[in-house]
Amino acid sequence: MWRLIDENHVMRTLRFLLLALAAGLAASTSAAQGLPRFGAPEPHVKAELIAARDAVVPGQPLQVGVRLTHDDEWHTYWQVPGDSGLPTQINWSLPAAIVAGPIEWPHPHRLPAGPLVNFGYEGDTLLLTTLQMPANLAGSAVTLNAKAEWLECKDVCIPGSADLKLTLPVKGQAAPSVHAARFAEARKLVPVTLPGLNARGTVDANRIRVAFELPAGRTADKLEFFPLEEGRIEPAAAQVLDRGNGLALTLTAVKPVKADSKSLAGVIVANGGPAKSGGWTATVDAPLVAGAVATAAAGTATAVPSTTPTMSLLAALGAAFVGGLILNLMPCVFPVLSLKLIGLAQHRTHSGPMAVHGLAFAVGVVLSFVLLAGLLIALQQAGSALGWGFQLQTPWVVASLTVLFFVIGLNLLGVYEFTFGSGIGNTRAADALVGKSDWRGSFGTGVLAVIVASPCTAPFMSAALGYAITQPAVIALSVFAMLGVGMATPYLLITLFPALLAKLPRPGRWMELFKQFMAFPMFATCVWLLWVLAQQVDAGGVALALGVLVAVAFALWSLGLAQRGASRFRWVALAGAVLAAITFTPIATSEPSPAGGSRVSIAPGWVEYTPAKLAELRGQGKAVFVDFTAAWCVTCQVNKRVALNTDKVKARFADSGIVRMKADWTNRDQQITHALAEFGRNGVPLYVLYDRSGKPTVLPELLTENTVLTALDKIN
């Protein structure tokens, strides 16, 4: 645990230094040339070094502070920033023998940013530090120098810094300075150990219940917890205060708490903090023990809200329905639905079974969306930074889908037959999939349609999913269910109103030929999935997947021979199936690439996305286009070919001096997941164009060359 925390701290520090270095280089270059900083953002935080006394007394400590004054709606960050951000740093340059203590941080505030929550400061903030003065301090005056570095954020984030200086006389006695009252107020905001608080924690998977005993004279109508360690508590999760049986606060851990976790350190803020009437703050270090964490009874609990919804539930349901309708037109879904349309054309004279097929298909679609969403929510609650399409970030899932589409393709070509039970007889799987005599084929088609639709993000769908994933489970699942309703509606209407089938061609020989032809889109899908797999595993892993396909083809060829009378080939088919399973085992046990470990190469002219690099470019006043994409996102690949990679668009990017940045989400990447969430999104594609002032503009999910060119024209 400590190793993880140290690594997180190091990475944040490195990112901060890179941002500050970029900003400093830009400023120094402009100053050296005697030119104004054209396009550079104006600072929104002012810094000042002040002292609590008007003089330095040898041998006595001196309390100083860096005062940060924020413009309206701008903020900086606490020592643990929350979901994003970087803490302020102060680097001292002091005369010999003067020693600076650590920053004494005032308690932070929760700063919602879409579905995320950060910890930091707004308004006027004083970061205290105590300087130890040597008894033999010589001279008539002392000059204190400090360099403060911070990240100032509103809708955008800009690295800020200031070189601060304070000169004080050296005297035998000192009086309070003009800032003494400000220091007294700031001191109240710094958490202290509170005797008698007696915090203790109970751990149950990813829930932690911290119980308290309030000292005399203290009340807690509202209680907030801020962790002193990164990666422990989910910042955006609701914090439930239970006053029915003692006083306890239920928190959500970022991931299930390890068995060797001994304690939970943090800061609690009661009733809004010392600046409010009856408010107070204190540090806690609660020992942890395993046990059941009960849910607070109704009427006894209050919660610190996680975020403010960006749209209403009704609007989200409407957007989900329209997005589901559009999903039917996406290239990844059409091959599957076309098989059902063939079956409808074959059986259009039988109106009764049609309704059964439509309802079964709709149930399969809606249930699959709900189950997939439930799994996504459960994994997120367990601490995984995942989004829509998350299953295709796992190599064995991609390999499994490749085998599934390969099996369907061989069936469409007639290599083998597959039955759904004795009631259907020797009906090929494609026929059973679209046949009128059994509802299970339509249900299975609905499930398959959702599986292949999950990599796609249609217009209206992104906003709905971004809203859903920030809401309680019941609301989130209702939005996903409405997405399924939208996707199933066209097919359901056709089956409920058979007269619509008159517009389909009459049955004939062409159907058998078309069905065989549809095997090749299935094989093309296999090629695409293997390409996705190549971004996640090495060449050996792709070779194993190809070996599985060979073994599967051999097994199904043998099965087809057995079904045509060569019964001895059943054993050959079984041997082929065993060989396929053995070959697939290494893929099934493989782990997805670590965060940021995408194997996708960055094309010439593009810059790899990192939050630090984006902040650096924006801090330099550059326009940036960020392409949030993934190899398994079909919409992303289409947009890239028809809009982003055309000669005219590439030339316009170059002429305008706009930096192109790729955020590749093929493999799991927590930073990209958080970046998507900042725009209320939970999946790709997402296209964001930042102008030279740092203002972002979100482009549509479906791009055309003209759409991109029009957006770029507004930059100039």
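Trainee: Leaving aside its neighbours within four places in sequence, which residues is F625 in contact with?
Mentor: This is a predicted model, and in it F625 is in contact with W606, L644, F653, I658, V659, R660, M661, Y687, V688, L689 and L699, once neighbours within four places in sequence are set aside.

Trainee: One of those is Y687. What makes F625 and Y687 a stacked pair?
Mentor: Two values decide that. The ring centres are 6.2 Å apart, and pairing requires centres within 6.5 Å. The planes are 10° apart, and stacked applies under 30 degrees, so the pair F625 and Y687 counts as stacked.

Trainee: Why is this pair said to tie together separate parts of the sequence?
Mentor: Because F625 sits in strand β21 (residues 624–629) and Y687 in strand β23 (residues 686–690), the pair joins parts that are 62 residues apart in sequence. Both F625 and Y687 are buried. Ring pairs also link F625 and Y687 with W606 and F653 into a cluster.

Trainee: Which residues have the most contacts inside the largest nonpolar core?
Mentor: They are F625, V626 and F628, in a core of 37 residues. Among the elements that give two or more residues to this core are β21, β22 and α19 (705–713). The most comes from β23, with 5 residues. Another core, of 35 residues, lies apart from it, and W78 is among its members.

Trainee: How do you know whether N271 is buried or exposed?
Mentor: Its relative accessible area is 14%, and buried means under 20%, so N271 is buried. N271 is found in the loop between β17 (263–270) and β18 (280–290).

Trainee: What lies 2.8 Å from a polar atom of the N271 side chain?
Mentor: That is the backbone nitrogen of D221. The backbone oxygen of T219 lies 3.1 Å from a polar atom of the N271 side chain.

Key. Residues numbered from 1 in each chain as written. Predicted model: local features only at pLDDT ≥ 70, side-chain atom pairs only at ≥ 80, totals over all residues. Heavy atoms only, no water. Phe/Tyr/Trp six-rings, centres within 6.5 Å; stacked < 30°, edge-to-face > 60°. Helix = DSSP H or I, 4+ residues; strand = E, 2+ residues; numbered from the N terminus. Buried < 20%, exposed > 50% of the residue type's maximum accessible area, 1.4 Å probe, protein only. Core = buried A, V, L, I, M, F, W, Y, C linked by side-chain atoms within 4.5 Å. Contact = heavy atoms within 4.5 Å. Polar contact = N/O pair within 3.5 Å; in protein donor to acceptor, adjacent residues only side chain to side chain.
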